[in-house]
Amino acid sequence: MTFKDVFKSSFLEQATSFSLTDTLIALALAFALGMFINEVYRKTYHGVMFSQSFGVSLMALTMITTLVIQAVTSNVVLSLGMVGALSIVRFRTAIKEPMDLMFLFWSISVGIICGAGLAQVAVILSVVMTLGILILDRLPVARAPMIFVVNADNFDAEDAVVETVRKYAKHYRIKSRNLAENSLDLVLELRTDEGGKLVREVMGLAGVTSASLLAHDGEVTF
């Protein structure tokens with residue numbers, strides 16, 4: 001069979017059977033899992049300004065991907081055209097948080113799986129992802145570190161400050177040590193659940209003039 005004969009045949013024009021019931025079931029499952037992903041995102045978000053529109057986008061993206069996959073699998077010509085159309089799509093919105101990108105891929109993956117008719121796989125993926133996120137979110141190593149800034153009017157205060165920090169934080173590291181005439185600026189990175197006690201005790205040390213404990217996510221300090 002030549003290439004011309006292939007195009008003369010009706011192979012490329014044939015479509016698989018389309019079931020409205022299966023489509024509605026897949027959409028309902030995608031909607032439920034999209035709402036679930038949105039709720040997990042809302043519960044585990046640690047930023048300052050929560051974007052409700054991003055959570056809604058996760059749900060909508062799951063349903064849209066489900067319909068696209070069902071349309072692609074129903075017709076060979078449509079699948080080829082869809083590949084060409086999606087190859088020129090460019091997203092201009094910058095993703096600032098790595099976790100946001102993970103939730104986007106989670107929504108797309110669930111949409112693809114629902115569109116393929118693998119409902120159990122989509123549910124298992126969502127459960128495993130949720131358990132993994134919740135476990136990592138509660139581990140001390142996964143918590144955002146804090147920046148502890150101490151100002152003192154003498155150089156000898158550093159040893160006392162470090163000794164006090166060691167009482168409240170198992171893991172700490174000196175990030176910066178600035179010395180000037182009769183002044184010391186000390187910056188430490190640490191993780192602690194007793195920040196208030198730490199600041200009060202450090203402020204009571206001889207020579208310490210100010211102490212600030214700041215939480216940060218690695219990009220923005222607030």
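Biologist: What should I know before reading the residue numbers and values?

Modeller: Residues are numbered from 1 along each chain as its sequence is written, and side-chain values use heavy atoms, with hydrogens and water left out. Since the model is predicted, local features need pLDDT of at least 70 and side-chain atom pairs count only at pLDDT 80 or more, while totals for chains, interfaces and linings use all residues.

Biologist: At what angle do helix α7 and helix α8 pack?

Modeller: Angles run from 0 to 180 degrees between N-to-C directions, with axes fitted to C-alpha atoms over the stretch in contact. Here α7 (residues 157-168) and α8 (residues 195-203) pack at about 160°, their axes 10 Å apart, and they are therefore roughly antiparallel, a term for angles over 145 degrees.

Biologist: Which residues of α7 and α8 meet?

Modeller: With contact meaning heavy atoms within 4.5 Å, Val161, Thr164, Val165, Lys167 and Tyr168 in α7 meet Lys197, Leu198, Glu201 and Val202 in α8.

Biologist: How many bridges join strand β1 to β3?

Modeller: Two strands pair if DSSP finds at least two bridges between them. Strand β1 (residues 146-152) runs antiparallel to β3 and is joined to it by seven bridges, with phenylalanine 148 partnered by leucine 188 in β3. Strand β2 (residues 172-180) also pairs with β3 in the antiparallel sense, over eight bridges, and tyrosine 172 stands opposite leucine 190 in β3.

Biologist: How many residues of β3 are buried?

Modeller: Buried means under 20% relative accessible area, using a 1.4 Å probe and protein chains only. Six of the eight residues of β3 (residues 183-190) are buried, so β3 is largely enclosed by the rest of the structure.

Methods. Helix = DSSP H or I, 4+ residues; strand = E, 2+ residues; numbered from the N terminus. Parallel < 35°, antiparallel > 145°, perpendicular 65-115°, else oblique. Buried < 20%, exposed > 50% of the residue type's maximum accessible area, 1.4 Å probe, protein only.
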